[in-house]
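Here are some short notes for a first look at this model.

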Amino acid sequence: MDRWGARLAGLLTDGGRVLAVGNGGSAAEAQHFTAELVGRFVDDRRPLSAVCLSAETSSLTAIVNDYGVEEVFARQVQAHGRAGDVLVVLSTSGRSPNVLAAAERAREHGLHVWALTGPGPNPLTERADESLTVAAPSTSVIQEVHLMLLHAVCAAVDARLAPSAGSAAPVEAGTPVRTAVRAGAA
């Protein structure tokens with residue numbers, strides 16, 4: 001998470017953007033994550049370019065109506081994403097067709113895809129550049145761990161960009177990373 005935060009800090013200060021998507025509770029977490037970046041997490045710092053594609057209700061309904069549910073996020077990724085940007089995809093199953101289509105479209109357009117999912121491997125981890133899977137007994141526990149992980153990313157961004165933060169060197173993009181977290185029974 002620290003490495004993801006370091007990479008986002010570099011990307012976002014260089015004019016890049018982070019997009020985030022998810023369905024249901026994962027959509028709420030995606031929106032929470034982007035709000036922490038645009039607003040602030042703990043320390044005050046400049047606003048960062050982060051867009052939650054799950055929160056664009058007029059776009060969501062128009063795209064579903066005109067193009068179908070599988071395009072609901074993919075079309076927005078194509079509209080808002082630029083090569084080098086990051087798409088953060090949250091999915092407890094890693095199997096939802098609309099998030100899979102978003103990940104594929106992002107890769108086609110040169111975005112980096114980071115996935116937070118439930119147990120892996122799953123179709124989303126296979127489409128992501130980097131993924132973190134959570135082996136937990138329930139959707140709610142997976143979502144709780146995802147929120148904790150997103151907060152860790154925000155803390156890592158703040159550690160590099162808040163006025164009181166030291167100057168950390170940007171982290172280079174490396175080979176795909178697959179990490180698993182095992183959560184105990186709730």
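This is a predicted model: local features need pLDDT of at least 70, side-chain atom pairs count only at pLDDT 80 or more; totals for chains, interfaces and linings use all residues.

1. Start with helix H2 (residues 25-38) and helix H7 (residues 139-161). Their axes come within 10 Å and cross at roughly 15°. H2 and H7 are therefore roughly parallel to each other. The crossing of H2 past H7 is right-handed.

2. Next, look at who makes the contact. H2 supplies Gly25, Ser26, Glu29, His32, Phe33, Glu36 and Leu37. H7 supplies Gln143, Glu144, His146, Leu147, Leu150, His151, Val153, Cys154 and Val157. By type, the residues of this H2 and H7 contact are seven nonpolar, six polar and three charged.

3. Now the largest nonpolar core, which has 28 residues. Which of them touch the most other members? They are Leu8, Val18, Phe33, Leu37 and Val88.

4. The helices are H1 (2-13), H2 and H7. The strands are S1 (18-21), S2 (50-52), S3 (86-91), S4 (112-117) and S5 (130-135). H7 gives the most, with eight residues.

5. Take a closer look at Val88. Leaving aside residues up to four places away in sequence, Val88 touches Val18, Leu19, Ala20, Val21, Phe33, Trp114 and Leu150. Phe33 and Leu150 also belong to the contact between H2 and H7.

6. Finally, there is a second, separate core of 19 residues. Among them are Val21, Leu100, Ala115 and Leu124. Val21 is also one of the residues that Val88 touches.

Technical notes: Residues are numbered from 1 along each chain as its sequence is written. Side-chain values use heavy atoms; hydrogens and water are left out. Axes are lines fitted to C-alpha atoms, for helices over the stretch in contact, and angles run from 0 to 180 degrees between N-to-C directions. Helices (H or I, at least four residues) and strands (E, at least two) are DSSP runs, numbered from the N terminus. Angles under 35 degrees count as roughly parallel, over 145 as roughly antiparallel, 65 to 115 as roughly perpendicular and the rest as oblique. A crossing is left-handed if the near helix is turned anticlockwise from the far one by less than a right angle, and right-handed if clockwise. Contact means heavy atoms within 4.5 Å. Ala, Val, Leu, Ile, Met, Phe, Trp, Tyr, Cys and Pro count as nonpolar, Asp, Glu, Lys and Arg as charged, and the others, Gly among them, as polar. A nonpolar core is a set of buried Ala, Val, Leu, Ile, Met, Phe, Trp, Tyr and Cys residues joined through side-chain atoms within 4.5 Å. Buried means under 20% relative accessible area, exposed over 50%, partly exposed in between (1.4 Å probe, protein chains only).
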